[in-house]
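Please read it alongside the model displayed below.

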Amino acid sequence: MTAKFLYETLDSVSEMGFLKKEIPAYLTDNLNSKFKLRPYQEEAFTRFFHCLDNDFPCKDWPLHFMFNMATGSGKTLIMAGLILHLFEKGYRNFLFFVNSTNIIEKTKDNFLNVLSSKFLFADNIRFGTSQADITPVANFEGVNDRDINICFTTIQKLHSNLTTEKENTLSYEDFKDKKIVLLADEAHHINTRTKAQREMFASWENTVERIFHQNEDNLLLEFTATLDYTHNNIVEKYRNKVLYRYDLRQFRNDGYSKDVYIVQADFEENDRIIQALVLSQYKQEVAAKYRINLKPVILFKAQKTIAQSQENKANFHKLVENLTENDIDRISNKSNIPLVGRAFLFFANEHINQNQLAERLRREFDESRCISVNEEKEKESQQILLNTLEDNENRVRAIFAVQKLNEGWDVLNLFDIVRCYTTRDSKAGKPGKTTIAEAQLIGRGARYFPFTTNGANDRFRRKFDNDLEHEMRVLEELHYHSINDSRYISELCAALIEEGMLDEREVERELKLKQSFKDTDFYKYALLYINERVKNNYEYVRSFADMGVKQRDYVHNIATGRGSAGALLTGNGNNSAVAESGRKDIPVIDIPRHIVNTAISRNHFFTYKSIKHYFSKVKSVRQFIEDKDYLGGLGITFQGDSADIYSLSNRAQIDALTGLLAQVEGEIRKNITEYQGTTEFKPNDMASVFHDKTLKLLDGSERAKGDEAFVSDKGWYVFNANYGTSEEKAFVRMLDRQLETLEKKYKEIYLVRNERHFKIYSFSDGKAFEPDFVLFLQEKDGNMLTYQVFIEPKGKHLKEHDKWKQDFLREVTEKFESKTIEFKTKRKTQKYRLVGVPFYNNEDENRFKQSLYESISN
C-alpha cells in the first residue's frame with residue numbers, strides 16, 4: 001500500500017474538524033485590509049500552524065514544507081501572512097528567492113511599495129505595542145532585530161554568490177548563527193538534482209539544501225502551482241512535505257477563476273481579430289452599464305519568433321486605423337456564434353450603432369494603448385505597465401507577445417487571447433508542446449476580475465454559474481480565439497482538461513417554471529418580500545459598549561530592570577532584598593492630556609476621521625478622551641516597583657496607553673461590519689424574481705439529478721426539476737407528505753426553489769443569504785393572508801458552520817410573528833407574514849415539522 005502524502009492526511013484531519021480553524025489577529029490585522037482571506041487561504045494557514053506546533057510521523061528538522069497551490073490563488077498573500085506569523089514566533093530574517101527577475105520585482109512591489117495597488121501589508125505593522133518595519137537587505141549582517149528583514153534574490157544569483165564569494169553579498173557564514181526562513185517561489189525549478197536522479201554538486205538544489213541545513217531552526221517553505229506527481233523522485237522527496245494541494249481544477253471548480261471558452265471561427269485572421277475586438281468592447285460596455293470600472297485587455301499571441309509578433313502588431317495597427325462600420329457589419333452578418341449575436345443585440349439595445357462601435361474601437365485600440373513584450377529590454381521597460389494593467393491610470397488594451405508572459409504574470413483583466421497562427425504540433429493525436437504551453441498561458445490568464453453585484457458576499461468568485469444567460473456572465477469568461485480546426489480544438493481541450501481549466505464532467509441543465517404555474521393568478525400578482533443591504537453608518541453607536549469594548553482596566557507591567565545574582569546554598573542568609581512591588585489604578589482622564597494625545601497619534605486606527613466614522617456622536621477628540629462612554633470611562637492598572645509606580649514616567653504612561661488603545665482597537669475591529677441588512681422587507685413581483693435559468697453542474701453529481709419524475713406532477717412545486725442536494729430532495733419529499741394536512745387550511749400552496757434568484761441580508765452585518773426554498777401558504781378564510789416561509793435544508797456537518805443563517809431566520813420570525821404586511825392595490829389588499837424556520841435535517845425532520853406548524857399557527 002502506497003504511503004499517503006502529508007496533505008492527504010491533513011485533508012482527513014481537516015474534514016473531521018480536528019484542525020483549529022482560527023487565524024490570529026496579529027496576522028489578519030497586519031495584512032492589507034482590502035485583501036480578505038479566502039477559505040482555502042485560511043485552510044493553508046491552519047495546516048501550517050498545526051504542523052509547526054505539533055508532532056506528526058516523519059516530522060524532521062529543520063522543517064521543510066511545500067504549498068502546492070494554483071496560479072492565481074494568492075500564494076504571495078499566504079507568504080506575507082506566514083512572514084507575520086513567524087515574526088511573532090521569533091524569526092526576523094527571511095530569504096526570498098525565485099528563478100525570475102520579473103517575479104522578484106513584482107514581489108518587492110507587493111512587500112515594500114506602500115503606494116502599490118497590490119501592497120499586501122498594513123500601512124503600520126504592529127505586534128502588541130511594538131511596530132515592525134519591512135526592510136530589504138543584501139545580507140543578514142548587522143540587521144535590526146526589531147524589523148522584518150527580507151533578502152530578495154534570484155536562485156541563479158544566490159547560487160553564484162555562494163559558490164563564488166563576493167564582498168557585501170550573502171555567504172554561507174550568514175546562515176550559521178542565525179535562524180532563517182527560506183521562501184522559495186516557483187519552487188519546482190529548484191529540483192534539478194532530484195529530477196536528474198544523480199548527484200550534482202554544483203546544482204541550485206544543493207545550494208539551497210546547504211543553506212537550509214546550516215541551522216536546525218531554519219525553515220524552508222516552498223510554493224508552486226506545478227509539482228510533478230508522476231516523477232518517483234519528486235514524489236518521495238515531497239511525500240511528507242506537501243501541506244496543501246489546492247490545484248487549478250479545484251480552484252476553478254470553487255469559482256475563483258474565469259471560465260474558459262474557445263471561440264472558433266472560419267474567418268481570415270483579420271476578421272478573427274475584429275471579432276475579438278467586438279467582444280472585448282462588449283465586455284467593457286456591459287461592465288459600464290452595471291457601474292463596474294473595467295478595461296478588458298487582449299493578448300495577441302505569436303507562434304515562435306519576435307519577428308512574427310512585430311509583424312502581428314504592425315498589421316493590427318493598420319487594421320484598426322482603417323476600421324469602418326462595413327467591417328463591423330461584416331462580422332455581424334457572417335458570425336453564427338451565439339456570444340457574438342448577444343454582443344450585437346446588446347449594442348443595439350444600448351443604441352450603439354456600427355459606426356459608433358468602429359469609432360470606439362479605433363480610439364480604444366489606438367497604437368498608444370498597445371504594447372509589445374518580447375525582447376528582454378522591452379519587457380523590462382514595460383514591466384510597470386504589465387503589473388498594473390488593472391489600475392485606473394493604465395490605458396493599455398492590447399499586448400503582443402511570443403513567450404515572455406509566463407510565470408509570475410499577475411493580471412486580472414485579461415479577457416481575450418487571440419492565436420495569431422494556424423499550425424499544430426501534435427504527435428499521435430496528443431497535444432504537442434505548443435498546445436500545452438497555450439493551455440498553460442490560458443490558465444495563467446484566467447484569473448478572475450473581482451466585482452460585486454446585487455449584494456454578492458464574495459467579489460472574488462463567479463456569480464453566474466447558475467444563470468449562464470445573465471448579461472453579466474460575460475465578465476466571468478476568458479475567450480480564446482482560434483481557427484475552426486476540430487483536431488486542434490480537441491487537442492487544446494485535452495490540454496486544458498489536464499491543466500484543470502476545463503472539466504469534462506460539466507453539463508448544462510435547463511431550470512424552467514412550469515407553464516401551469518405561470519398561468520396562475522398567484523404567479524401574476526403575488527409578491528415576494530425581501531430586504532436590502534445598506535452601508536453601516538454606525539448611527540446606533542453611542543458608547544464603546546455598543547462596539548463590544550469591555551469596561552475593564554488595562555494592566556500594564558513596568559519593567560524595573562533590576563535583579564541580583566548570588567549563591568543559593570551559602571547558608572549565610574545574606575540575600576539581596578527584593579524591591580517592594582505595588583499597584584496603582586489611574587483613570588485615563590487623570591493622565592496628562594499631552595501624553596494621551598501622543599499615544600493616540602501613534603495608533604493609526606484612532607484618527608479623527610476613524611473616530612468620527614465609528615462613533616458618529618463624538619464631536620471632538622477631546623470628547624472622545626474625556627467622555628465616560630469612551631476613553632474617559634477606562635483606566636490603567638500600573639504594576640511594578642513601588643518607587644516607579646508612585647512617580648510614573650511619561651514613557652511608562654505612553655506605553656500603557658499604547659497597550660490600552662491596542663486592546664480597545666482589537667475589540668472594536670471584531671465588531672466592525674461594513675454593511676447591515678435592513679429590517680424593512682420590500683415587495684417584489686413574483687414574475688420579476690423567478691424565471692427560467694441555465695445551470696452549470698457536474699454530470700453524475702447529486703445536484704445534476706433533477707428528480708424530474710418526482711416533481712413533474714406536483715402542481716405545488718413550481719419548477720420542472722429540483723437540482724438540489726440529497727438533503728434538499730429529502731425536504732421536498734417530506735413536504736409532499738404534509739400536503740394533505742396543509743390543504744385543510746390553505747387554498748394556495750407553492751414551494752419555490754431559490755436557484756440564486758434572490759438574497760436576504762443578515763440584520764447585524766449584511767451578510768448575504770440565499771435560502772434554498774421559499775414556501776407560500778395562502779389561507780382559505782378570506783383574509784388573503786399569505787405566509788412566506790424561508791426554508792434551508794442543511795446536513796448536520798454544516799449546521800454549526802452556518803449557525804448565523806439559522807439565527808437570522810429566527811430573527812425574521814421574531815420580527816414578524818405578530819406583524820402582518822399589507823399591500824394595497826385597486827384589485828385587492830394582500831397580507832403577508834414572513835417566517836424563518838430552523839434548518840431542515842432529514843435525520844431530525846419531526847422537529848422541523850413541529851417548528852413549521854408552530855410558526856404558521858400564530
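1. Basis of the note. This is a predicted model, in which local features need pLDDT of at least 70 and side-chain atom pairs count only at pLDDT 80 or more, while totals for chains, interfaces and linings use all residues. Residues are numbered from 1 along each chain as its sequence is written, and side-chain values use heavy atoms, with hydrogens and water left out.

2. Cis peptide bond. Most peptide bonds are trans. The bond from W61 to P62, however, is cis, with omega near -5°. P62 belongs to the loop between α3 (39–53) and β1 (63–69); helices (H or I, at least four residues) and strands (E, at least two) are DSSP runs, numbered from the N terminus.

3. Positive phi at D707. Most residues other than glycine have a negative phi. D707 is not a glycine, yet its phi is positive, about 55°. The loop between β24 (693–698) and α28 (708–711) holds D707. With a relative accessible area of 19%, D707 is buried (buried means under 20%, exposed over 50% and partly exposed in between, with a 1.4 Å probe and protein chains only).

4. Positive phi at R756. R756, also not a glycine, has a positive phi of about 60°. R756 sits in the loop between β25 (746–753) and β26 (760–761). Its relative accessible area of 33% makes R756 partly exposed.

5. Cavities. The count comes to 5 cavities of 30 Å³ or more. A cavity is a set of points, on a 1 Å grid over the protein atoms alone, where a 1.4 Å probe fits but cannot get out; lining residues have an atom within 4 Å of a point. Grid points are joined across faces, edges and corners, and a volume is the space filled by probe spheres set on the points. The largest cavity has a volume of about 60 Å³.

6. Lining of the largest cavity. Which residues line the largest cavity? They are K106, D109, N110, S116, S117, K118, N387 and T388. Helix α5 (residues 101–112) gives the most to this lining, with 3 residues. By class, the lining has no nonpolar, 5 polar and 3 charged residues (Ala, Val, Leu, Ile, Met, Phe, Trp, Tyr, Cys and Pro count as nonpolar, Asp, Glu, Lys and Arg as charged, and the others, Gly among them, as polar).

7. Packing of α5. Helix α4 (residues 75–88) packs with α5 at an angle of about 50°, their axes lying 11 Å apart. That angle makes α4 oblique to α5. Axes are lines fitted to C-alpha atoms, for helices over the stretch in contact, and angles run from 0 to 180 degrees between N-to-C directions; under 35 degrees counts as roughly parallel, over 145 as roughly antiparallel, 65 to 115 as roughly perpendicular and the rest as oblique.

Key:
1 Å grid on protein atoms, 1.4 Å probe; cavity = no way out; pocket = protein on both sides within 12 Å on 5 of 7 lines; lining within 4 Å.
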